[in-house]
Amino acid sequence: MRIAAAGTAALTLASCGGTADPAGSQNLVNGKTFTMVLPGDPGNLDPHFTSLSVTMQVDRFLYDSLIAIDKDGKTVPGLAEKWDTTTTTATFTLRKAITCSDGSPLTAATVAANINFVGDPKNSSSRIGVYVPPGATATADEAAGTVTVTSPVPHSFLDRAIGQLHIVCDKGMQDRSVLKQGASGSGLFKMTEVVPGDHFTLERRKDYAWGPGDWKADQQGLPDRVVLRIVANESTAVNLLLSGEVNAAGVIGPDQQRLQAQKTLQRDVMAMFGELWFNQKPGLPGADVAVRRGLTHALDLGQLTQVLTSGTGQLAKGIVAPGMTPCDPDTISGKLPAHDVEKAKTTLDAGGWRAGPDGIRVKDGKRLAITIYYTTELGTTMQATAELMQKFWQPIGVEVALKGATHAELSQVIVAGQGSWDVGIVPLNVSTPGEAVPFVSGPTAPNGTNFAGIQNAKYAALVQEASGIAGTAGCGKWAEAEQALAENVDVVPFANTNRPIFGKGATFELTVGSVAPGTIRMLGA
């Protein structure tokens, strides 16, 4: 999950092009510093214990994965030069002479240890089920330089899933405390300075020779240093970009127009931005399907989309945003409850939620009181959207409160299950329908990532069928599974939007929804 910046939002996950001259036609300069804005503090940097897209962006500079995804969404060699796969096994052949940031070799045994750690449910990794199927095990053959993964259950996209796991080097695997505000990886950059809440400084590894695809170590224009600055205010970030103080910043609000007027580099990604979740923990309003259905009937999802995206987005038609999924992104059209205020009221009435003396609905002595959580780090329209939801729900007898929070706070309260919540606007961004499975089924926090406590037997059965079909041949069955979620109002995707990242003084590409470190090239005046 990438709580979109994922991911909250894991998010996030596929890239498109943008406007700008190609790097090849510009003056590339060596020895410079690339400065990028982060919209919030990434918190714990351990790549096996995060679902935040802002954290994943940081980790992309520090860690490699077995398979890389290029700007067109195609798989290319990463740490692995080649691989073979079925729905239950995958064998990766590693490149030669890969080293970690401390100079130690990255061995097949260490790669296998990463997969075994994440795949073991007792370790409660947030990447279990997303990249590594629960119970999957890996074995290493050092002489052959191979890692073989066996999954106890079929997985349609097993190679792509395992292949995207960030691989931690042996030092970090032995002592995970060094990963929280540091790193132990084989990535293009290594961490040299950490100032929590302010910035991170990274230095390029001049010996790096195993990058994505056909990477060449002697490329021109690579930055020697990277500075990741935490700037929560978009207008401030835009000012810094226009002044040349920073080279890259994601901007999703109206300040985009200022950058577009200056013809700055723009890289686009269509991502999930509006997605509504009900906490289905027993005893909470969201556990009642009548509440979920009634509240959704009360919402005009098209209007919410317009407000959230400032009129530039599209109504979501599936769990995975267009451009991210290998399948047809239109899976749930017509399956969610349509906007109908009277139907909302009668649905709640039929569910036993009747208006009390003050107009607030009550069932079994419990008021229909709901707090909507939303992130404060994705622009001002997120709050406006929460306020509009409140206006839709109050007239049908719902007591509604609003709670804004940072990505890190939402991750703790909602994803990690360390707080109480009722409804969350949490954009989950995944790159295949299979990646969504652990977030909408299976164990809940702290034993799993099913943060909304969804238990949909029809979905689980369809997933089991779909997982046994390799690749895109199973897309039809995956669509049926997603429709089962919509029909039970387990999750309400409503808005996709372009989430561009702008640049100045540098060029770069996006892959899996964020800046790909190996594509950064610094430009001269």
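Let's start with strand β20 (residues 361-363), which pairs with β21 in the antiparallel sense over two bridges. Strands here are DSSP E runs of at least two residues, helices are H or I runs of at least four, and both are numbered from the N terminus; two strands count as paired if DSSP finds at least two bridges between them. Val362 has Arg367 in β21 as its bridge partner. Zoom out a bit and you get an open sheet of three strands, ordered β19-β20-β21, with antiparallel pairing. Its edges are β19 (354-355) and β21 (366-367), each pairing on one side only.

A quick word on the model: it is predicted, so local features need pLDDT of at least 70 and side-chain atom pairs count only at pLDDT 80 or more, while totals for chains, interfaces and linings use all residues. Residues are numbered from 1 along each chain as its sequence is written, and side-chain values use heavy atoms, leaving out hydrogens and water.

Now for the nonpolar cores, meaning sets of buried Ala, Val, Leu, Ile, Met, Phe, Trp, Tyr and Cys residues joined through side-chain atoms within 4.5 Å. The largest has 95 residues, and Ile115 and Trp277 have the most contacts inside it. Helix α2 (residues 108-119) supplies the largest share of this core, six residues. Another core, of 37 residues, lies apart from it and includes Val291, Leu304, Trp353 and Met382.

Finally, look at Gln164, in the loop between α3 (158-163) and β11 (166-167). Gln164 counts as buried because its relative accessibility is 9%, and buried means under 20% relative accessible area (1.4 Å probe, protein chains only). Not counting residues up to four places away in sequence, Gln164 touches several residues, including Ser65, Tyr131 and Glu435, where contact means heavy atoms within 4.5 Å.

Terms used: Buried < 20%, exposed > 50% of the residue type's maximum accessible area, 1.4 Å probe, protein only.
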